[in-house]
Amino acid sequence: MTDSTSKHSNALAFLLSRSSTDHLVEPAPDKAQIAAILSAGLRAPDHGKMRPWRYIVVKGKHRRPFAELVTRAMKSVDPDVPQKKIEKRLHRFSEMPMIIALGMHIEPGGKIPVIEQEMSAAAGVMNVLNALHAEGFGGFWVTGEFADDPEFLATIGLNPPDRLAGFLFVGTPERAVREARRPDISDYMAFWKSEPVSFGAES
Ligand SMILES: Cc1cc2nc3c(=O)[nH]c(=O)nc-3n(C[C@H](O)[C@H](O)[C@H](O)COP(=O)(O)O)c2cc1C
């Protein structure tokens with residue numbers, strides 16, 4: 001067996017040990033580390049080599065102005081948004097050690113359906129979450145209705161039909177991440193035996 005086909009004995013246990021956390025403190029990955037981690041995103045399956053991944057990394061002194069853009073977009077999408085919600089988001093986006101806006105470069109009207117391009121972008125995000133975990137960092141994927149605001153998207157370099165898949169909060173877990181209770185695989189898989197299957201998850 002070559003190196004790429006041999007079994008990595010701890011890899012599955014490692015994948016099963018990942019949990020999201022937004023209790024994140026410094027340090028965030030440095031420049032070389034985040035480039036290596038984001039490279040894992042570019043290993044996602046990608047039908048037609050569409051390369052939809054666009055990662056916008058926000059750190060240091062740029063976090064506060066970015067957080068202000070977020071709150072401006074929140075108000076633009078919903079002028080009645082409660083002040084408390086605004087302040088919470090302002091605080092979160094200013095205080096996270098690093099934020100990665102998850103851009104999706106979309107090319108509609110071609111051979112590859114838009115949904116496949118979006119799924120490739122999302123698969124990339126999952127790889128990035130696992131790569132963060134592998135390097136001892138933590139991550140948390142969030143979205144928000146404001147993320148569709150065209151003015152906000154333009155300020156980070158995304159123009160229609162490009163979109164955002166959300167944001168990753170990134171940093172060092174403040175404490176050991178508590179193992180989340182996970183669903184039982186037996187409710188989510190079935191062997192097809194020449195007739196329609198049913199899932200325990202639905203019962
Ligand atoms: C596309 C996407 C968007 C999400 N948006 C939010 C969000 O805005 N707020 C939130 O609390 N969790 C959000 N989540 C869920 C968290 O990222 C996380 O998956 C969840 O807390 C469960 O943690 P786990 O990854 O350890 O299972 C989102 C997940 C996905 C896949």
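Asp-30 caps the N-terminal end of helix α2, with a side-chain oxygen 3.2 Å from the backbone nitrogen of Ala-32. This is a polar contact, that is, a pair of N or O atoms within 3.5 Å; within protein, one atom must be able to donate a hydrogen and the other to accept it, and residues adjacent in sequence count only if both atoms are side-chain atoms. Helices (H or I, at least four residues) and strands (E, at least two) are DSSP runs, numbered from the N terminus.

The model is predicted: local features need pLDDT of at least 70, side-chain atom pairs count only at pLDDT 80 or more, and totals for chains, interfaces and linings use all residues. Residues are numbered from 1 along each chain as its sequence is written, and side-chain values use heavy atoms, with hydrogens and water left out.

**Helix α2**

Helix α2 spans residues 31-41, and its buried residues are Ile-34, Ile-37, Leu-38, Ala-40 and Gly-41. Seen down the axis of α2, these residues fall within an arc of 140 degrees, so they line one face of the helix. The arc is taken over the directions from the helix axis to the C-beta atoms. Buried means under 20% relative accessible area, exposed over 50%, and partly exposed in between (1.4 Å probe, protein chains only). Exposed residues Ala-32 and Ala-36 sit on the face of α2 turned away from the buried side. The buried residues of α2 pack against β2 (53-59), β3 (98-104) and α5 (114-134), where contact means heavy atoms within 4.5 Å.

**Helix α3**

Two residues of α3 can be described in more detail. Arg-63 is in this helix and, at 16% relative accessibility, counts as buried. A polar atom of the Arg-63 side chain lies 2.8 Å from the backbone oxygen of Met-96. Leaving aside neighbours within four places in sequence, the contacts of Arg-63 are Glu-26, Val-58, Phe-93, Ser-94, Glu-95, Met-96 and Pro-97.

Thr-71 also belongs to α3, which covers residues 63-77. Its relative accessibility of 7% makes Thr-71 a buried residue. The Thr-71 side chain has a polar atom 2.9 Å from the backbone oxygen of Glu-68. Not counting residues up to four places away in sequence, Thr-71 touches Ile-86 and Leu-90.

**Backbone geometry**

Glu-26, one of the contacts of Arg-63, is joined to Pro-27 by a cis peptide bond, with omega near 0 degrees. Pro-27 is in the loop between β1 (24-25) and α2. The bond from Pro-160 to Pro-161 is cis too, with omega near 5 degrees; Pro-161 lies in the loop between α6 (150-155) and β5.

Arg-51, in the loop between α2 and β2, has phi near 50 degrees, a positive value in a residue other than glycine. Ser-194, in the segment after β5, has a positive phi near 65 degrees. By relative accessibility, Arg-51 is partly exposed at 48%, and Ser-194 is exposed at 62%.

**Ligand site**

Which residues surround the ligand? They are Arg-18, Ser-19, Ser-20, Phe-140, Trp-141, Val-142, Thr-143 and Arg-182, each with a heavy atom within 4 Å of the ligand. By class, this shell has three nonpolar, three polar and two charged residues.

| Residue | Protein atom | Distance to a ligand oxygen |
|---|---|---|
| Ser-20 | side-chain N or O | 2.4 Å |
| Trp-141 | polar backbone atom | 2.6 Å |
| Arg-182 | polar side-chain atom | 2.6 Å |

The protein covers 53% of the 620 Å² of accessible area that the ligand has on its own. Accessible areas come from the Shrake-Rupley method with a 1.4 Å probe; for residues, only the protein chains shown count as cover.

Pro-183 is in the segment after β5 (163-173) and, at 56% relative accessibility, counts as exposed. The C-alpha atom of Pro-183 is 23 Å from that of Thr-143, 40 residues apart along the chain.

**Overall fold**

The protein has six helices and five strands, in the order α-β-α-β-α-α-β-α-β-α-β from the N terminus. Its C-alpha trace spans about 55 × 45 × 40 Å along the principal axes. Of the 203 residues, 37% are buried. Among contacts with a separation of 6 or more, 77% are between residues 24 or more positions apart. The protein exposes about 12,800 Å², of which carbon and sulfur atoms supply 55%.

Conventions. Ala, Val, Leu, Ile, Met, Phe, Trp, Tyr, Cys and Pro count as nonpolar, Asp, Glu, Lys and Arg as charged, and the others, Gly among them, as polar.
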